Amino acid sequence: MAGTALRRRLIWQIATVITNRPVSDAARRVTLDVADWPGHRPGQHVDVRLTAPDGYQAQRSYSVASAPERPQVDLVVQRVAGGEVSPYLTDELRDGDQIELRGPIGGYFVWHSTSGGPVQLIAGGSGIAPFLAMLEHHEASGSTAALRLLYSARTPSAVIDAHRLDAHARRGVATTITLTRAASPDGVRRRRRVDAQLLADVVWPVPARPQIFVCGPTTFVESVANDLVGLGHTPASIRTERFG
Amino acid sequence: MALVSRRFTGRPHTRDGAGLLPPGQYDVGDDFPVLSAGPTPTTSLAEWDFLITGEVDGTRRWTWEEFQQLPREEVTADIHCVTKWSKFNTSWEGVSVDTLLDGVETAADFVLAFSDHDYTTNLPLADVTNGRAWVVDRYENEPLEPEHGGPARLLVPHLYFWKSAKWVRGLQLSSFDEPGFWETLGYHEYGDPWREQRYAGD
């Protein structure tokens with residue numbers, strides 16, 4: 001919650017790649033070993049720094065996608081065509097490589113088991129990354145907080161970590177995955193844009209007073225947050241994080 | 001010495017090679033990313049006001065109509081977001097904070113800018129005076145869009161952009177430096193992009 005952020009100085013640390021595996025048609029989960037990782041809260045992010053041989057440096061932020069209960073730090077990186085950092089992380093980085101990172105950063109867009117529930121997670125595209133950490137933490141901590149997930153992706157193969165999400169759904173996370181560009185062959189995923197009606201149908205109702213987290217591209221977050229306010233959710237109950 | 005990343009070449013962006021990108025930043029080009037902690041507020045212009053309050057000889061208040069009558073300035077500046085993007089040559093129009101503080105008696109050294117939805121950010125008074133900060137309501141010759149802070153936001157281009165509070169409704173002057181929203185959540189209390197003051201302790 002607000003005000004509990006660590007005031008420790010953030011230093012650049014060396015992270016060693018343990019695995020770099022695909023989790024969708026355009027995203028990979030990079031599992032990192034970070035010596036002396038101080039721990040994180042689900043929803044926090046890290047800054048990644050790359051340095052070229054001529055000294056040029058580039059930095060980007062990535063959400064931590066793994067639970068604090070695990071010793072490694074996972075990042076889910078969506079490959080952005082023509083991007084400067086993400087294609088390097090997805091295409092070039094291999095087991096044993098080292099990168100620099102510092103964190104964890106951010107104390108607002110976080111959910112910890114002590115934060116209670118009910119909780120509504122709403123993701124667009126790679127905005128699922130911080131929620132993967134929250135879901136895994138929810139499971140690992142044995143939290144009884146009631147969770148719902150609404151996730152919008154373009155196509156079935158763009159759904160990040162589909163098998164993990166299905167496993168969370170099987171253990172009781174009320175999950176709705178909706179596709180904007182195609183229906184899934186098995187008919188399990190519905191084809192629909194996230195609009196006010198869908199939000200009214202699947203999001204916790206206003207009287208349940210859910211904590212709501214919305215993460216995704218700007219246009220997605222802007223329209224979802226506005227629709228939620230329109231449905232009667234208080235602005236203070238809605239936390240947003242936008243990916244470009 | 002930083003760790004060199006095998007086969008990383010990067011894509012250095014500087015404006016005309018002039019090297020005007022602060023460390024760790026990249027040029028976002030024509031994009032204008034939107035970042036905020038919650039939904040976009042919707043305060044009607046009839047309800048909008050702007051306050052100078054706190055340790056002053058008397059609170060000043062302008063309605064939207066009164067604010068529109070104040071002397072206006074045009075500003076072109078580069079802006080730098082702590083999330084790493086920078087945007088060159090953005091053009092704005094609004095009222096200088098010097099104009100808003102004209103005639104205000106105060107012994108304060110700090111201001112806390114406050115906004116709709118309880119967002120706050122703290123700055124030294126010296127960083128919002130002498131032509132260094134504005135309350136702007138127009139961007140690129142158009143009314144400022146709500147997701148970018150409209151109807152009006154603070155503009156303090158020499159600091160990271162979270163200091164340029166969106167949906168700003170006033171400045172509270174104080175003898176004490178009171179951390180604002182992001183500053184209590186681990187971000188740097190001052191935020192100079194050229195010294196890369198992103199997080200507490202930087």
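Student: Where does the charged end of Arg239(A) sit?
Tutor: The charged end of Arg239(A) lies over the ring of Tyr108(A), 4.4 Å from its centre. A charge sits over a ring if NZ of Lys or CZ of Arg is within 6 Å of the ring centre and within 35 degrees of the ring normal.

Student: What are the ground rules for this model?
Tutor: This is a predicted model, where local features need pLDDT of at least 70 and side-chain atom pairs count only at pLDDT 80 or more, while totals for chains, interfaces and linings use all residues. Residues are numbered from 1 along each chain as its sequence is written, chains are lettered from A and ligands numbered from 1 in the order in which they are written, and side-chain values use heavy atoms, with hydrogens and water left out.

Student: Which ring does the charged end of Arg60(A) sit over?
Tutor: That of Tyr26(B), with 3.8 Å to the ring centre.

Student: Now ring pairs. How many aromatic pairs are there over all chains?
Tutor: A search of the whole structure gives 23. Rings of Phe, Tyr and Trp (its six-membered ring) pair if their centres lie within 6.5 Å; planes under 30 degrees apart count as stacked, over 60 as edge-to-face and the rest as tilted.

Student: Why is the pair of Tyr88(A) and Phe8(B) edge-to-face?
Tutor: Because their planes are at 80 degrees, with the ring centres 5.4 Å apart. This pair crosses between chains, from helix α1 (residues 86-92) of chain A to the segment before β1 (26-27) of chain B. Helices (H or I, at least four residues) and strands (E, at least two) are DSSP runs, numbered from the N terminus.

Student: Are those two buried or exposed?
Tutor: Tyr88(A) and Phe8(B) are both buried, meaning under 20% relative accessible area, with exposed over 50% and partly exposed in between (1.4 Å probe, protein chains only).

Student: Which residues are in the cluster linked by ring pairs?
Tutor: Tyr108(A) is one of them, and from chain B the members include Trp162(B), Tyr187(B) and Tyr199(B).

Student: Switching to salt bridges: how many does the rule find across the interface of chain A and chain B?
Tutor: Five. A salt bridge is a side-chain nitrogen of Lys or Arg within 4 Å of a carboxyl oxygen of Asp or Glu. Glu92(A) also forms a salt bridge with Arg6(B), where the closest N and O atoms are 3.0 Å apart.

Student: How many residues does the contact take from each chain?
Tutor: Chain A gives 46 residues and chain B gives 37, with contact meaning heavy atoms within 4.5 Å.
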